[in-house]
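Visitor: I would like to go through this structure with you, one topic at a time. Could we begin with the contacts of a single residue?

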Amino acid sequence: MLGPLLLATAVYCLVVLAIVFPPTEMVSAGLTVEGVLDSWLGSENINFIQYHIHRTTARIFIHSLLFPGYGGILVKYHPEVVVWIAQLHPTLPLLLLLLVCVIPPLAAGVTVAIWRQNHWRLHPLTRTLAALARPGQTWRAVAAEINSEFRGIDKFTYGSSSSYRLVATDSWLILVGCLRLRLIRHRDAVLALTGATDTLGITSPAGTTMVRLRVTPVREGTKPFYIRVNSMSYSELERKLAYPVVNPRGLVVKSSLVDRFLPVFMETVNNNPVLPANQEESSMCIGCMATEANVKLQRRCGRVEDGGGGGNGLCAHCDCRPLWCITCLSKWFAARQDQNSPETWLGSRAPCPTCRATFCMLDVSLITPPQV
């Protein structure tokens with residue numbers, strides 16, 4: 001009796017873990033609570049706050065059904081367990097049935113009913129928004145502000161599952177958890193580096209660093225919380241924050257391959273001939289929209305394909321006007337290299353981000369700033 005019972009318990013525990021913390025494969029296939037209830041939850045991109053009010057509510061109730069689910073499996077497939085428990089005490093099966101199968105969903109149902117009163121006014125997320133509101137501002141106004149910023153295409157996102165995802169918009173830092181959200185304005189938070197662990201993996205043979213940060217609110221009444229990102233996303237997160245990250249312990253964060261390659265790319269380009277600026281062609285970089293486009297591709301490499309398609313790994317002519325800054329072009333170039341062979345990047349090629357003509361680092365020329 002013990003062997004089959006342990007096997008059934010182990011299998012059910014795996015199912016529970018897959019529901020509570022779905023793996024990437026299940027998320028991609030839509031086999032999650034969010035995927036099944038997609039029509040009821042609505043669109044996260046349009047109404048971020050309302051989506052997560054519904055999502056956390058649904059998860060609370062569905063998680064409560066996991067307890068009676070286990071009890072139902074025991075009663076149907078292992079009735080000898082119920083008989084054995086009854087032999088210990090006649091009322092014990094009824095007591096366990098009450099504790100495991102009735103109380104959890106009943107408590108969850110009552111909780112959901114309370115939360116739904118007054119248009120979700122008593123939901124923990126809405127109460128958090130009310131606490132974060134400025135004087136004279138309602139929680140709905142704060143929700144509208146977050147919804148608007150989440151729709152932006154320049155937000156920082158780390159993680160893809162509903163159990164852990166970190167989002168940084170222009171003004172907000174948001175930690176999405178399984179059953180709750182942590183929100184804080186950038187200017188109201190102090191981030192401190194508390195840990196950095198080097199890891200190796202199949203997807204990153206060169207290694208990466210998992211960074212752990214403590215988010216400490218400066219406003220009273222808000223509890224601190226912890227976030228974690230890898231080193232490849234850490235620098236991008238820093239650029240989104242209002243204040244620099246505090247590093248009281250002097251921890252060293254290993255830079256990603258791309259971060260270490262950017263100075264080498266820029267140094268190589270600085271040694272190439274410089275092109276004069278054309279005032280009619282000047283524009284902002286379409287990659288970051290933050291700096292002026294200051295590089296142009298001009299075939300200079302000895303190995304050339306005249307057809308312009310860049311086939312066979314040969315350089316091709318590019319007639320595009322300057323549309324990119326050197327930082328964005330270097331990131332584009334690095335992203336299209338073999339991440340397992342960084343020693344080959346200097347001699348490698350990449351397609352032009354606009355016309356797809358193949359170029360190498362010798363073909364990249366800086367543009368002199370226009371004379372004032």
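Guide: This is a predicted model. In it, Glu 44 touches Tyr 51, His 52, Phe 150 and Arg 165, leaving aside residues up to four places away in sequence.

Visitor: Where is the place of Glu 44?

Guide: Glu 44 sits in the loop between helix 4 (38–41) and helix 5 (48–64).

Visitor: And does Glu 44 count as buried or exposed?

Guide: Glu 44 counts as buried, because its relative accessibility is 16% and the cut-off for buried is under 20%.

Visitor: Let us turn to charged pairs. How many salt bridges does a search of the whole structure find?

Guide: The search finds 7 salt bridges. One of them joins the side chains of Arg 59 and Glu 34, at 2.9 Å from N to O. Arg 59 belongs to helix 5 and Glu 34 to helix 3 (residues 33–36), so this pair ties together parts 25 residues apart in sequence.

Visitor: Are Arg 59 and Glu 34 buried or exposed?

Guide: Arg 59 is buried, at 0% relative accessibility. Glu 34 is buried too, with a relative accessible area of 9%.

Visitor: What does Glu 145 form with Arg 185?

Guide: Glu 145 and Arg 185 form a salt bridge, in which the closest N and O atoms are 3.9 Å apart. Glu 145 lies in helix 11 (residues 139–150) and Arg 185 in strand 4 (residues 181–185), so the pair links parts that are 40 residues apart in sequence. Glu 145 is buried, its relative accessible area being 19%, and Arg 185 is buried with 2%.

Visitor: Which salt bridge involves Lys 240?

Guide: The side chain of Lys 240 meets that of Asp 154 in a salt bridge, with 3.7 Å from N to O. Asp 154 is in the loop between helix 11 and strand 1 (156–158), whereas Lys 240 is in helix 12 (residues 231–240), so the pair ties together parts 86 residues apart in sequence. Asp 154 is partly exposed, with a relative accessible area of 46%, while Lys 240 counts as buried at 16% relative accessibility.

Visitor: Which residues do salt bridges that share partners join into one network?

Guide: The network consists of Glu 34, Arg 55 and Arg 59.

Visitor: A change of topic: how many disulfides does the structure hold?

Guide: The structure holds 0 disulfides. Cys 355 is in no disulfide, and the nearest cysteine sulfur, belonging to Cys 320, is 3.6 Å away. The cut-off for a disulfide is sulfur atoms within 2.5 Å. Cys 355 counts as partly exposed, with 38% relative accessibility.

Visitor: What does Val 364 touch?

Guide: Not counting residues up to four places away in sequence, Val 364 touches Phe 265, Val 269, Asn 272, Val 295, Lys 296, Leu 297, Arg 300, Leu 329 and Phe 359.

Note on methods. Residues numbered from 1 in each chain as written. Predicted model: local features only at pLDDT ≥ 70, side-chain atom pairs only at ≥ 80, totals over all residues. Heavy atoms only, no water. Contact = heavy atoms within 4.5 Å. Helix = DSSP H or I, 4+ residues; strand = E, 2+ residues; numbered from the N terminus. Buried < 20%, exposed > 50% of the residue type's maximum accessible area, 1.4 Å probe, protein only. Salt bridge = Lys/Arg side-chain N within 4 Å of Asp/Glu carboxyl O.
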